[in-house]
Amino acid sequence: MYAYLLITFLGAGLVLLGIRSLNKYRAVSTWERTEGTLTELHTGYAEERIKYASLKYEYPIVAYEYNVRGQKLTSTKVSVEPKNVWFLLDDARQAPWSPWKKGKKVTVYYDPSNPEDSVLMPQLQPRRRSHLLAETLSGLLLLLGSIGIAALGA
């Protein structure tokens, strides 16, 4: 009888998660920039299993130094979310981080109100954007479905 409530909460949760993640990227796009130096650069690997298939990804593991208002800072954060920098092994050569080299200069984006919070890749990658938009739209569809179920039941 009240099954639509479960659908409502599930839909609302998906919408909130999607919007929250998208807003993180929007906020990072306003951060200030400075020049930094890569002190460590390694390649990490991840695997996702989807039913009977397996997808293998490559991603950067970094450490970098940068200066803000005379203060030397270090970080290991590449992007807002780790999965934003995962690239399929076949596509990894086209990844935005593929030209990086240890000891080279990189652009560091940092939060002016909290300079310790920084990233090297503030932009949302297209495939990650697709995922977050699909998550948000799925939640909206569930919310609309629950409204329809509630209206039919009334």
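**Close-up views of a predicted model**

**View 1. Ser 21 and its contacts.** Ser 21 touches Glu 81 and Leu 132, where contact means heavy atoms within 4.5 Å and residues up to four places away in sequence are not counted. The model is predicted: local features need pLDDT of at least 70, side-chain atom pairs count only at pLDDT 80 or more, and totals for chains, interfaces and linings use all residues. Residues are numbered from 1 along each chain as its sequence is written, and side-chain values use heavy atoms, with hydrogens and water left out. Ser 21 lies in helix H1 (residues 3–28); helices (H or I, at least four residues) and strands (E, at least two) are DSSP runs, numbered from the N terminus. Ser 21 has a relative accessible area of 9% and is therefore buried (buried is under 20%, exposed over 50%, partly exposed in between; 1.4 Å probe, protein chains only).

**View 2. A surface patch that includes Leu 5.** Tyr 2, Leu 5 and Phe 9 make up a nonpolar surface patch with about 360 Å² of accessible area together (Shrake-Rupley method, 1.4 Å probe; for residues, only the protein chains shown count as cover). Patch residues have over 30% relative accessible area and no salt bridge, and nonpolar side chains (Val, Leu, Ile, Met, Phe, Trp, Tyr) are joined within 5 Å, like charges within 9 Å. A salt bridge is a side-chain nitrogen of Lys or Arg within 4 Å of a carboxyl oxygen of Asp or Glu. Leu 5 belongs to helix H1 and counts as partly exposed because its relative accessibility is 33%.

**View 3. The largest nonpolar core.** This core has 17 residues, and Leu 38, Val 62, Tyr 64, Tyr 66, Trp 97, Trp 100 and Leu 120 have the most contacts inside it. A nonpolar core is a set of buried Ala, Val, Leu, Ile, Met, Phe, Trp, Tyr and Cys residues joined through side-chain atoms within 4.5 Å. Strands S2 (53–68) and S5 (105–111) are the elements that give two or more residues to this core; S2 gives the most, with four. A second, separate core of eight residues includes Tyr 25, Trp 31, Val 80 and Leu 132.

**View 4. Pairing of strand S1.** S1 (residues 32–50) pairs with S5 in the antiparallel sense over six bridges; two strands pair if DSSP finds at least two bridges between them. Glu 32 has Tyr 110 in S5 as its bridge partner. S1 and S2 run antiparallel and are joined by 14 bridges, with Gly 36 opposite Tyr 66 in S2. The hairpin of S1 and S2 has two residues between the strands, and Lys 51 takes a positive phi near 55° there.
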